[in-house]
Amino acid sequence: MRSPQRTPTSSESSGLRPLVRDSSLVWLAGGVVGVSFGAIAVAGGLPVWVPVVMSLVVYAGSAQFSAVGVVLAGGGPLAAAATGLLLNTRNAAFSLAVADLLGPGRASRLLGAHLVTDETVAFALAQPDPARRRVAFWISGVGLFAVWNIGVLAGAVAGSALGDTAAYGLDAAFPAVLVALVLPTLRTDARLRRPAALGAALALAATPVVPAGAPVLLALAGLALYGRSRSEGRAAA
C-alpha cells in the first residue's frame with residue numbers, strides 16, 4: 001500500500017518551472033556582479049573576509065560598491081556606512097510594496113526584509129496574482145542571495161587575477177535584467193508607462209552629476225504620477 005505522502009501536481013510543477021527559469025536570469029546577473037564586487041574589493045587592498053561578510057550581513061549591491069569605494073578612496077568607516085545607508089533608503093519603498101508577500105510570522109518578515117532588492121521586488125510585482133507574487137519573491141530572493149554570495153566569494157578569492165573588472169561590462173548585467181522584468185508589466189498596464197518614463201528620464205539626467213545609486217532614488221518621483229492616475233481611475237469609476 002502506498003504512503004499518503006503528497007507529491008506536487010503537474011500543474012503546480014509546471015507553474016513553478018517558469019518562475020525558476022526566469023529567476024535564473026537574475027541569479028546569473030547577480031553572480032556575475034558579485035564576482036566583480038569581490039574582485040574589486042580585494043584588488044583594492046581589502047582582505048578577503050571584508051567583502052564576504054559584508055555581502056552576507058549587508059546584502060545591498062550598489063550600497064556595497066559605494067561603501068567599498070569610499071573606504072578605498074581613503075574615507076573612514078562612518079562615511080562609508082552613511083553612503084551605503086543613503087543609497088539603500090530606496091529599499092524602504094520597495095519593502096512597503098512587498099510587505100504583504102513576506103508572511104505573518106516575525107521570522108519570515110525578518111528574513112524577507114533581508115532579501116528585498118530591486119530585482120526581487122521587480123520580479124515579484126511582475127506576476128499576475130498575490131499567490132504567484134509571494135512564490136516569485138521567495139524563489140528569486142533566496143536564489144539571488146545564495147548566488148550573489150557565492151559570486152562575491154569567488155571574486156574575492158580570485159582578487160586581482162581578473163584584472164580590470166570594468167572592462168568586462170559587468171555593470172550592465174543588472175540593468176539589462178531589470179529592463180527584461182519590467183517590460184511585460186509596462187505592456188499590460190498603461191498607467192505605469194508615464195511614471196516609468198518620468199522616473200527613467202530623471203535617473204538619466206541625474207546620473208552624470210550624482211553618486212552611483214542616487215538616480216534610483218530620484219526615479220521614485222515617478223510614483224507621484226502613478227498615484228495620480230490611480231486616483232483619477234477611481235474617481236472615473
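Start by selecting phenylalanine 145, which is partly exposed, with a relative accessible area of 22%. That value sits just outside the buried class, because buried means under 20% relative accessible area. Keep in mind as you look around that this is a predicted model.

**Stop 1: a pair of rings**

Tyrosine 59 and phenylalanine 145 make an edge-to-face aromatic pair, with 4.9 Å from centre to centre and 80° between the planes. Where does each partner sit? Tyrosine 59 is in the loop between helix 2 and helix 3, while phenylalanine 145 belongs to helix 8 (residues 130-158), so the pair ties together parts that are 86 residues apart in sequence. Tyrosine 59 is buried, at a relative accessible area of 6%.

**Stop 2: another pair**

Select phenylalanine 137 and tryptophan 138. Their aromatic pair is also edge-to-face, with 5.5 Å centre to centre and 85° between the planes. Is phenylalanine 137 buried or exposed? Phenylalanine 137 counts as buried, because its relative accessibility is 0%. Tryptophan 138, on the other hand, is partly exposed, with a relative accessible area of 21%. The structure holds three aromatic pairs, and you have now visited two of them.

**Stop 3: a surface patch**

Next, select Trp49, Val53, Leu56, Val57 and Val58. Together they form a nonpolar patch on the surface, with about 490 Å² of accessible area. Zoom in on leucine 56, which is part of helix 2 (residues 49-57). Leucine 56 is partly exposed, with a relative accessible area of 43%.

**Stop 4**

Move on to glycine 61, in helix 3 (residues 61-72). Glycine 61 is partly exposed, with a relative accessible area of 24%. Which distance separates its C-alpha atom from that of aspartate 118? The two C-alpha atoms are 9.7 Å apart, although the residues are 57 residues apart along the chain.

Aspartate 118 takes you into helix 7 (residues 118-125), where seven of the eight residues are buried. Asp118 is one of the buried residues, along with others including Val121 and Phe123.

**Stop 5: the annotated spans**

Finish with the UniProt record: its unreviewed entry places the feature "transmembrane region" at several spans, among them residues 25-50 and 135-159. Select residues 25-50 to find a span that is 81% helix and 0% strand, with its end C-alpha atoms 27 Å apart. Then select residues 135-159, where the chain is 96% helix and 0% strand and the end C-alpha atoms lie 36 Å apart.

Note on methods
Residues numbered from 1 in each chain as written. Predicted model: local features only at pLDDT ≥ 70, side-chain atom pairs only at ≥ 80, totals over all residues. Heavy atoms only, no water. Buried < 20%, exposed > 50% of the residue type's maximum accessible area, 1.4 Å probe, protein only. Helix = DSSP H or I, 4+ residues; strand = E, 2+ residues; numbered from the N terminus. Patch = residues over 30% accessible without salt bridge, like charges linked within 9 Å, V, L, I, M, F, W, Y side chains within 5 Å. Areas by Shrake-Rupley, 256 points an atom, 1.4 Å probe, with all protein chains shown as cover. Salt bridge = Lys/Arg side-chain N within 4 Å of Asp/Glu carboxyl O. UniProt positions renumbered as here; feature names shortened; annotations may be inferred. Phe/Tyr/Trp six-rings, centres within 6.5 Å; stacked < 30°, edge-to-face > 60°.
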